[in-house]
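Hi everyone, thanks for coming. Today I'd like to walk you through some aromatic rings, so let's bring the model up on the screen.

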Amino acid sequence: MTKLIFEQSTAGRTNNSQFLSTTSPIDDIPDGLRRKKRPALPEVSEMQVVRHYTRLSQLNFSIDTQFYPLGSCTMKHNPRICNEVAQYEGFSGRHPSAPDSTGQGILSCLFDLQEILKDISGMSEISLAPMAGAQGEFTGIAMIRAYHDARNDGRREEILVPDAAHGTNPASAVMCGYRVREIPTQGNGDVDIKALRATLGPQTAGLMLTNPSTLGVFERQIKEIAALVHEAGGLLYYDGANMNAILGKVKPGEMGFDVIHLNLHKTFSTPHGGGGPGAGPVGVNERLIPFLPVPKIVESSGEYRLLNKNDCPQSIGRLSCFMGNTGILLRAWVYARLLGREGMKRVADYATLNANYMKTKLERAGFEMAYPTRRATHEFVLTLKKNKADTGVTAMDFAKRLLDKGYHAPTTYFPLLVPECFLIEPTESESLEELDGFIRAMIEIGEETVEQVETVKTAPHTLPVRRLDEVRAARQLDIVWQGENGV
């Protein structure tokens with residue numbers, strides 16, 4: 001089967017049914033803007049295009065086709081009803097520049113989403129503006145910076161980040177002009193309080209924290225951590241990537257956090273992956289409300305409108321052209337409404353149950369847990385360091401072999417402080433049968449590392465693309481197609 005649509009191209013073949021009609025003659029286009037030669041596009045029929053891209057889609061691993069236990073990514077089922085509602089003509093057909101008066105329906109839905117997120121997060125206000133989790137992080141730290149600047153507290157030049165944090169955390173802090181200092185984690189998975197005390201000072205702007213952490217455990221000292229940061233004059237930032245574990249159970253605002261972002265494409269089951277689309281709303285407590293990004297939806301006497309920079313002079317401003325990734329926000333709103341308050345609690349119940357079930361089964365099968373004395377939250381970390389030492393089979397080898405078994409691999413080599421790690425998150429969407437199938441596959445591969453080492457080390461064997469040279473692929477990436485004439 002050909003992988004490139006260009007390989008099916010035949011000179012002169014076309015599909016006229018897809019041509020756009022136009023009343024504007026080509027003569028209206030200035031000479032300087034006209035093409036001098038035909039674009040290097042494949043000449044194929046509509047049927048060829050449909051079949052080609054359908055076949056390619058069938059080669060992909062996806063949440064719609066396979067179990068996808070990517071730790072910290074929360075790859076769960078995206079209910080189709082959410083997509084259907086978000087595509088209603090009244091939503092999808094509204095121009096983003098239309099006046100508020102003609103968009104009361106969509107604004108009321110998004111305002112309702114703001115109120116829902118306020119409730120589950122325990123924060124005072126929400127802005128839906130950030131269009132991704134990473135942009136939500138940037139927004140949160142930008143508001144922390146604006147808060148300190150408004151107080152003329154220019155000494156605060158450091159953001160503290162645990163060594164188990166997502167890699168985007170320090171990147172967001174640096175983009176906002178801060179130095180980053182790392183806080184170590186203890187052997188039991190908790191933040192090292194002694195090291196934190198020694199690091200806090202008048203230079204501290206804030207601490208970025210995920211709770212539960214990417215180690216798959218709940219930070220038991222969170223109230224003490226919050227008190228220490230606030231006593232030093234800093235603010236506490238919550239990375240909401242792992243909200244799935246505590247949805248409807250505990251609120252970040254009650255833990256002492258000042259600002260949060262929420263990954264709607266994780267917790268609220270909107271489509272994500274491959275760079276987008278996404279949504280990362282931010283929530284703040286009272287002290288940070290003036291700095292929220294615009295636009296922000298407000299309601300007065302049953303009328304909804306968007307606040308802009310004129311309404312919020314201390315706002316950090318706009319993050320995008322319009323009002324956030326509206327299609328994704330609407331999908332999240334439908335999902336939240338389908339669940340209701342009790343349904344959200346069940347998300348956390350089953351996400352946690354599935355993770356602890358898998359952790360226990362794999363542990364009993366002989367796999368080593370990174371934090372064996374701790375109960376898992378929505379995810380857990382196992383380490384294959386002993387397997388590597390005994391057989392030479394690495395976590396990456398295990399991951400590649402899982403593809404042959406019909407399962408996407410968990411997150412590998414993250415968090416960085418766990419050697420040869422698998423970060424496994426089953427989510428609440430998966431059935432018992434699916435969990436048991438993945439466990440059996442892991443056990444089978446474990447047996448193969450003793451009896452068929454080369455089979456594991458050279459996997460995958462059943463996919464169209466076999467084992468790649470990952471270093472070369474990263475450093476010498478070549479995705480440019482060149483035809484016979486180098487075009």
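How many aromatic pairs does the count come to? The count is nine aromatic pairs, where rings of Phe, Tyr and Trp (its six-membered ring) pair if their centres lie within 6.5 Å, and planes under 30 degrees apart are stacked, over 60 edge-to-face and the rest tilted.

One of them is Phe 67 with Tyr 407, an edge-to-face pair at 6.3 Å centre to centre and 90° between the planes. This pair links distant parts of the chain, 340 residues apart: Phe 67 is in the loop between helix 1 (46-59) and helix 2 (80-86), and Tyr 407 is in the loop between helix 12 (395-404) and strand 12 (411-412). Helices here are DSSP runs (H or I, at least four residues), strands likewise (E, at least two), numbered from the N terminus.

A quick housekeeping note: this is a predicted model, so local features need pLDDT of at least 70 and side-chain atom pairs count only at pLDDT 80 or more, while totals for chains, interfaces and linings use all residues. Residues are numbered from 1 along each chain as its sequence is written, and side-chain values use heavy atoms, leaving out hydrogens and water.

Phe 438 lies in helix 13 (residues 432-451), 371 residues apart from Phe 67. Together, Phe 67, Tyr 407 and Phe 438 form one aromatic cluster.
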